[in-house]
Amino acid sequence: MDGKIKISGPLKTYLNWPVALSILVILMNVGVYLINVKAGTVVSFFAAAYVVIAVVLYFQNRPLLINELITFATQYGQIQKNLMKDFIIPYTLVDREGKVIWMNREFSRITGKDKGFRRSITSILSEVTVEVLPTQEEPKRELEIKYAARDYKICMQYVDISELVQNSEMLDDGDRPSSGIVALYMFDVTELNEYIRRNEDEKLVSGLLYLDNYEEATDSVEEVRRSLLTALIERKINKYFSSIDGVVKKLEKDKYFLVMRRSSMDQLIQQKFSILEEIKNVNIGNEMSVTISIGLGAHADTYAQTAEYARAAIEMALGRGGDQAVIKDGDHISYYGGKSPMAEKTTRVKARVKAHALKEFISQKENVVIMGHKITDVDTFGAAVGIYRAAKTLNKKAHIVINTPTSSIRPLMEEFLNNPDYDPHMFVSSHEARDLTGNNTVLVVVDTNRPSYTECEDLLSMTKTIVVLDHHRQGSEVIKTAVLSYIEPYASSACEMVAEILQYFSDGIRIRNIEADSIYAGIMIDTNNFLTKTGVRTFEAAAFLRRCGADVTRVRKMFRENAEDYRARGEAIRNAQLFKDCYAISVCPSEGLESPTVVGAQAANELLNIVGVKASFVMTDYNDTIYVSARAIDEVNVQIIMERMGGGGHLNIAGAQLKDYTVNEAIDYLKQTLQEMIDEGAI
């Protein structure tokens, strides 16, 4: 370093203009000489004077100009420093350990700390920890915090000061930091967040409200009181939604259209849709309580899409048995209520319509593939056999997908395998089913409506003609591409639904004895020998199957248990523990059992015979998965409990599958879920 300051850039160019002009004057002087010597001599004198004056002024004023530049830079730096101190946005500098180095007046005012504060920034802003500070690899980070009843957006910028420290003569190697410092800004976004919240609260929510059993309830009351019952229900609905600033418009005698704000929907959620219970309490002599279903659509881009969400929500509420509210908030679906047993529909018009539609779809295709859920049970098998008979009646090729026959269905299955009247390829594996399925195939899914539960999920994407027949309540995971969906949660079993369909499928349909046995067995197993979920239509279906040749004694002999299964079930019952004095929880041993999940379900049924037990839960560890079988009689809705744990089912028959859990962890998870739902008032 020679101590001289070199000027560069535009300023250097500007200061060199006199030199350039001197050259121009000299060239002009040469030109004048060529024209006239005397004139050239005179011009030479003035040119020499100009060059001397320009050189003198350049060297004389250069130091003065540099001094002025230094003075300006110093004053400008001081102004910048003062501006940062008086900056209206809170601003501070912290080191890599989070220690405050410097803060401006606004940051000091907001936090109440003086400028000499040198402790960790975390002691002021608890959310700003060393872990969230930006690094050289990620130089910018943001987060939102709440401080002193205000909302702030924290913007942090990593500043590398290594070069500055290396050029400093005041720090030695040991004092130099390894990286840099962090500049932190605090932007007050309280008002912005308030306007965002207001905008969210004011968004439109549309909904539909249906009276589930309007016809049945009005038929159960005297004719002169029917109008009074309708008026009382309508008054309660209008009063309830008016109290939350909602609008109700009656569409039909049992259908209403709802409009409200998002904040009003949040009120309904907080109240847990108390209107569901209020309507059920309306009683003027009607033998049957009126139940309602509500479907709300929210968080859509357009009003039309909101209405579409509401329609999808009400269909899901009805598909789950009614007496509940379903909210479709964008892609998220929430369920509320659903504590009442599902009312059986006495009319079979729907079954007739679905039977004719199924016949139409099968008639248009050459091949029929039938599958149920994984670990095929008797209900799935019986329903599949019924659809197989329907396809054969129309002279179509039909196949049933079963990968691993369990001990529960093997006695029935052997009746078909050893029978020359049936195709040896009646039962196929998933691999074989993939080769059979195409655009000219009808895929019939029975006893499940969840894609992930099916025997071979790949088949759902291999054909466009999918039919779903199920008696389980719908959840958020459904087979969306079905051209025909017949889901009746009030039905006792899939076999009951198939038995009704067969009665309307074709005139003079001939169901063979072993087929009738299979369908009858499915109803018998799912109703626990006609003790649970049985209605008039259940017995009508059983009577139809008896007329077709079903033999009760033959079916009973097929389902006698072996000694190992009987002992395992007894062990599960013996080791049962009571949680909260009314929830029986036990573990079913699976070692040495061919179908441990079936035994676990049987044990859960047996535990309900204990006095005081409202619901039973049996865990079975099988194939690295904990299978939970849940059963209840009438006081507890085990379906919503299992849904909370990722499963589903019916009001009194449900289950769940827990992966990556040990048995003890699964029991703790169940107890925690039960406690949470008891505290929330959900059960």
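Predicted model: local features only at pLDDT ≥ 70, side-chain atom pairs only at ≥ 80, totals over all residues.
The chain holds 23 helices and 23 strands. Of its 683 residues, 47% are buried. The accessible surface comes to about 35600 Å². Carbon and sulfur atoms account for 53% of that surface.

Confidence was examined next. The mean pLDDT of the chain is 82. A value of 70 or more is reached by 89% of the residues. Over residues 168-178, pLDDT stays under 50. For this stretch the model has six contacts beyond four places in sequence.

In soluble globular proteins, nonpolar side chains tend to be buried together. The largest nonpolar core here has 61 residues. Those with the most contacts inside it are Ile370, Phe381, Ile400, Val444 and Leu469. Helix H13 (residues 378-393) gives the most to this core, with nine residues. Beyond its neighbours within four places in sequence, Ile370 touches several residues, including Ala384, Ile387, Ile400 and Val444. A second, separate core has 32 residues, among them Val205, Ala217, Met265 and Ile284.

Some nonpolar residues lie on the surface. Trp17, Leu21, Leu24 and Tyr50 form a nonpolar patch there. Together they have about 400 Å² of accessible area. Helix H2 (residues 17-35) supplies the largest share of the patch, three residues. Tyr50 is found in helix H3 (residues 37-85). Tyr50 counts as partly exposed because its relative accessibility is 31%, between the limits of 20% and 50%.

Side chains of opposite charge can pair when their charged atoms come close. The count of salt bridges comes to 28. Asp329 and Arg262 form one of them, at 2.5 Å from N to O. This pair links distant parts of the chain, 67 residues apart. Asp329 lies in strand S10 (residues 324-329), and Arg262 in helix H9 (residues 262-270). Arg262 is buried, with a relative accessible area of 16%.

Other pairs lie within a single helix. Arg574 and Glu571 are both in helix H20 (residues 563-574), three residues apart. Their closest N and O atoms are 2.9 Å apart. Arg574 is exposed at 60% relative accessibility, whereas Glu571 is partly exposed at 30%. Salt bridges that share partners also join Lys146, Asp151, Glu194, Arg197 and Arg198 into one network. Within it, Arg198 and Glu194 meet at 3.3 Å, N to O. These two residues are four apart in helix H6 (residues 190-202), so about one helical turn separates them. Arg198 is partly exposed at 48%, and Glu194 is partly exposed at 31%.

Methods. Residues numbered from 1 in each chain as written. Heavy atoms only, no water. Patch = residues over 30% accessible without salt bridge, like charges linked within 9 Å, V, L, I, M, F, W, Y side chains within 5 Å. Areas by Shrake-Rupley, 256 points an atom, 1.4 Å probe, with all protein chains shown as cover. Salt bridge = Lys/Arg side-chain N within 4 Å of Asp/Glu carboxyl O. Buried < 20%, exposed > 50% of the residue type's maximum accessible area, 1.4 Å probe, protein only. pLDDT = per-residue confidence, 0-100. Contact = heavy atoms within 4.5 Å. Core = buried A, V, L, I, M, F, W, Y, C linked by side-chain atoms within 4.5 Å.
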